[in-house]
Amino acid sequence: MMRKMSQLMTYTMILILLTGCWDRKEINDIAIIQLSAFDLMADTGKYRGYVQIAIPKSIGAGQLTTSGGTQQKTYMPLVDYGDNMEAMTVKLERKLSRDVLPSHRRIFMVGESLARQNMAPLLDLISRNPKNRLRTYLVIARDTDAKSLVETEYPLEATKEEALREIIVRKMVVPSMLRNFYASSAATGIEPIAAAFSKDKDGKILLNSVALFNRTALVGYVDDMQAVALTSLLGKKPFGDVEVALPDQKNKLSVRVTTLNVKKRVEISGEQPHFIMDITATGRIMDNNSNLDPSDPAIMEKLNASFQEQITKIYQKLFHTLQTTYKTDNAGLGQSVYRKYPKLWKKIEKDWETIFPEVDVQFKVAANIYQIGVQGAPYYLREDEISQ
């Protein structure tokens, strides 16, 4: 009997606790922000904010939906201006009949002019609202303003922010979330980076660059395989091609880099750090415009040597850009010193900005082309045209 009474009391307490959602909000009470774009207007000095608010009845129907024979957008755009970030944000919210829900936002887009000046006010505004998720991607609009870039049509994906996120995740694989940026800007011995989108000649969005920051200010970019090399230093997978050739050959072969692993080593001479990069690269031949037959072991040995040389040059150019052009440690060399030699780092930390451009970095590369395709030489060559 006592056991039954105990069970009854337990069930009663559970029912009391499951009385419903006392603070629930209906879908028609909230405004779901899909993405936000921020710019600094050069002519007025004011901040411009642009947001896309999802139209719930159209979600899942793509960027455009048809109603009554006419096409309608699945989002409502809002634009406003302000002397500071908070004033601009308040004006945007006053245009909405619903409560703002930013937790589903995928993208923060920042125009180049604002990023170059200083992103500290924007970053502070974002971090103070607990509803802003740090898994949101922070991206830079290169050579343009953020508003015009996010308004570019992209019909392949249902929503624009999904397209931008998928390109980052599937292609260049840039650690570009807000949490990555905050962590790098606050950490010792490393500066932040972010994915940088631009417009191609045909007006389509293109991710071909990584934005380099010194603290919270944009200083420049690295492009193409230099950008891939930089992300590999941060443990990310590569996506890109290099061209290899033999000295006596005019035409080249394109090799898709499939793996690019880097182990950073730091050694100390006196109080001067010295860095060694152990790089392992693999690739597969994607395009052969030469008359070489890669199935020939002697030819493949020479191609591997060329592949290794090209990978080495990419990293050399990357560090020349970081150390000489922009003088900012986005590769985290200082962090390597801090982790292995914390006492030395304590001595040199304040002078790292002047030490970093002068440190010696060596590259030890092992590169191997592991796949040549179904045919060594191109199918269209006659036997006497193939170089041996």
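**Group meeting: cores and helix packing in a predicted model**

Let me begin with contacts, meaning heavy atoms within 4.5 Å: among those in the protein between residues at least 6 apart in sequence, 69% join residues at least 24 apart. Please keep in mind that this is a predicted model, in which local features need pLDDT of at least 70 and side-chain atom pairs count only at pLDDT 80 or more, while totals for chains, interfaces and linings use all residues. Residues are numbered from 1 along each chain as its sequence is written, and side-chain values use heavy atoms, with hydrogens and water left out.

The secondary structure comes to 12 helices and 15 strands, taken as DSSP runs numbered from the N terminus (helices are H or I, at least four residues; strands are E, at least two). Of the 388 residues, 48% count as buried, that is, under 20% relative accessible area with a 1.4 Å probe, protein chains only, where exposed would be over 50% and partly exposed in between.

Now to the interior. A nonpolar core here is a set of buried Ala, Val, Leu, Ile, Met, Phe, Trp, Tyr and Cys residues joined through side-chain atoms within 4.5 Å. The largest such core has 72 residues, of which Met109, Leu230, Met277, Phe307 and Ile311 touch the most other members, and its largest share, 10 residues, comes from helix 9, residues 297-326. A second, separate core of 23 residues includes Leu40, Met85, Val110 and Ala194.

How do helix 8 and helix 9 lie relative to each other? The axes of helix 8 (residues 224-233) and helix 9 come within 9 Å and cross at roughly 85 degrees, the axes being lines fitted to C-alpha atoms over the stretch in contact, with angles from 0 to 180 degrees between N-to-C directions. The two helices are therefore roughly perpendicular, a label that covers 65 to 115 degrees. Among the residues that meet there are Leu230 and Leu233 from helix 8, and Ile314 and Phe319 from helix 9.

Helix 4, residues 120-127, has Leu122, Leu123 and Ile126 buried. Seen down the axis, its buried residues fall within an arc of 95 degrees, so they line one face of the helix; the arc is that of the directions from the axis to the C-beta atoms. These buried residues pack against several elements, including strand 1 (30-40) and helix 7 (178-186).

Finally, Gln52 sits in strand 2, residues 47-54, and is buried, with a relative accessible area of 1%.

Conventions
Angles under 35 degrees count as roughly parallel, over 145 as roughly antiparallel, 65 to 115 as roughly perpendicular and the rest as oblique.
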